[in-house]
Amino acid sequence: MKIILLGPPGAGKGTIAKLLTEYDGSVQISTGDILRAAVAAGTELGKQAEAAMSAGNLVTDELIMGIMEQRLQEGDCKNGYLLDGFPRTIPQAEALQVLLEKMGEKLDAVLELDIARDIIIGRLTTRRTCAQCGEIYNVISKPPKVEGVCDVCGSNEIVQRDDETEEAISNRLEVYQDQTAPLSDFYKNTGLLTSVMSSDKETVMTALGPKIG
Ligand code: AMP
């Protein structure tokens, strides 16, 4: 399946993407993960993205489209993909349409996770990430089995991301309202949009059912 996951930071896009990859072998493509890996590796791309990311601002459309044009043509995308965190602006959505037309591909659905602001702030301020492997924890609902040690890779670098401080979160939510929320109408007009008010597995699968068969 080829799906866009739309929704503010902390809505649960990554969790739903992982769930859907298990369903039919589609790959999760998170532009945030790609950018964080580039920052960690100190590449040219990482250097260009770092300042905007730590402040909770978007990186440029040109940078993102450069990444996605390459990524969508890789072999593992042939079974489908779940776009997590892309597109995030109208110009990105328009550029994606042109790219998909060129590739002869069509999206199956755009799933919007419409989650209340207070839930999101609560989730993000308590979220922690393994700096080594990217595994996500939550100090309240999903702490690591051994405090401070990643269950997956054993690293003891479980950190709060720079862009998950209260100030950066509040900026990210504002950026979402201004630049990404308009995508909801954009995709409503294409007939692809399905909106759910919960990131619970059953709710999502029921809502997506008619689109993914
Ligand atoms: P995420 O993990 O999806 O919340 O992304 C983390 C950060 O990476 C965002 O706050 C942006 O700075 C940047 N980013 C990720 N995806 C995009 C995108 N599609 N367009 C612009 N910036 C992005």
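The chat below goes through the ligand site, the cores and some single residues.

Student: What kind of model is this, and how are residues numbered?
Tutor: This is a predicted model, in which local features need pLDDT of at least 70 and side-chain atom pairs count only at pLDDT 80 or more, while totals for chains, interfaces and linings use all residues. Residues are numbered from 1 along each chain as its sequence is written, and side-chain values use heavy atoms, with hydrogens and water left out.

Student: Ligand first. How many residues surround the ligand, and which are the closest?
Tutor: The ligand is surrounded by 16 residues, and the closest are Thr 31, Arg 36, Asn 57, Gly 85 and Gln 92. A residue is near a molecule or strand if one of its heavy atoms lies within 4 Å of it.

Student: Which helix gives the largest share of that shell?
Tutor: Helix α2 (residues 31-41), with 4 residues. Helices (H or I, at least four residues) and strands (E, at least two) are DSSP runs, numbered from the N terminus.

Student: And by class? How many nonpolar, polar and charged residues does the shell have?
Tutor: The shell has 6 nonpolar, 5 polar and 5 charged residues. Ala, Val, Leu, Ile, Met, Phe, Trp, Tyr, Cys and Pro count as nonpolar, Asp, Glu, Lys and Arg as charged, and the others, Gly among them, as polar.

Student: What lies 2.5 Å from an oxygen atom of the ligand?
Tutor: A backbone N or O atom of Asn 57. A polar backbone atom of Gly 85 is 2.9 Å from a nitrogen atom of the ligand. From the side chain of Arg 172, an N or O atom is 3.0 Å from a ligand oxygen.

Student: How much of the ligand does the protein bury?
Tutor: The protein buries 96% of the 480 Å² that the ligand exposes when taken alone. Accessible areas come from the Shrake-Rupley method with a 1.4 Å probe; for residues, only the protein chains shown count as cover.

Student: New topic. Which residues have the most contacts inside the largest nonpolar core?
Tutor: Ile 29, Val 59, Leu 72, Tyr 81, Leu 83, Leu 96 and Tyr 187, in a core of 31 residues. A nonpolar core is a set of buried Ala, Val, Leu, Ile, Met, Phe, Trp, Tyr and Cys residues joined through side-chain atoms within 4.5 Å. Buried means under 20% relative accessible area, exposed over 50%, partly exposed in between (1.4 Å probe, protein chains only).

Student: Which element gives the most to that core?
Tutor: Helix α4 does, with 5 residues. In α4, the buried residues include Leu 63, Ile 64 and Met 65. Among the elements that cover the buried residues of α4 are β2, α3 and β3.

Student: Leu 82: buried or exposed?
Tutor: Leu 82 is buried, with a relative accessible area of 0%. Leu 82 lies in strand β3. Leu 82 and Leu 5 are 77 residues apart in sequence, and their C-alpha atoms are 6.9 Å apart in space. Leaving aside neighbours within four places in sequence, Leu 82 is in contact (heavy atoms within 4.5 Å) with residues including Ala 17, Leu 20 and Gln 28.

Student: Where is Pro 87?
Tutor: Pro 87 is in the loop between β3 and α5. The peptide bond from Phe 86 to Pro 87 is cis, with omega near -5°.

Student: Where does Arg 161 lie?
Tutor: In the loop between β7 (158-159) and α7. Arg 161 is buried at 12% relative accessible area. Its side chain makes a polar contact with the side chain of Asp 163 (3.0 Å). A polar contact is a pair of N or O atoms within 3.5 Å; within protein, one must be able to donate a hydrogen and the other to accept it, and residues adjacent in sequence count only if both atoms are side-chain atoms.

Student: Last one. Why does Asp 151 count as partly exposed?
Tutor: Because its relative accessibility is 37%. Asp 151 is in the loop between β6 (136-138) and β7. A polar atom of the Asp 151 side chain lies 2.9 Å from the backbone nitrogen of Lys 145.
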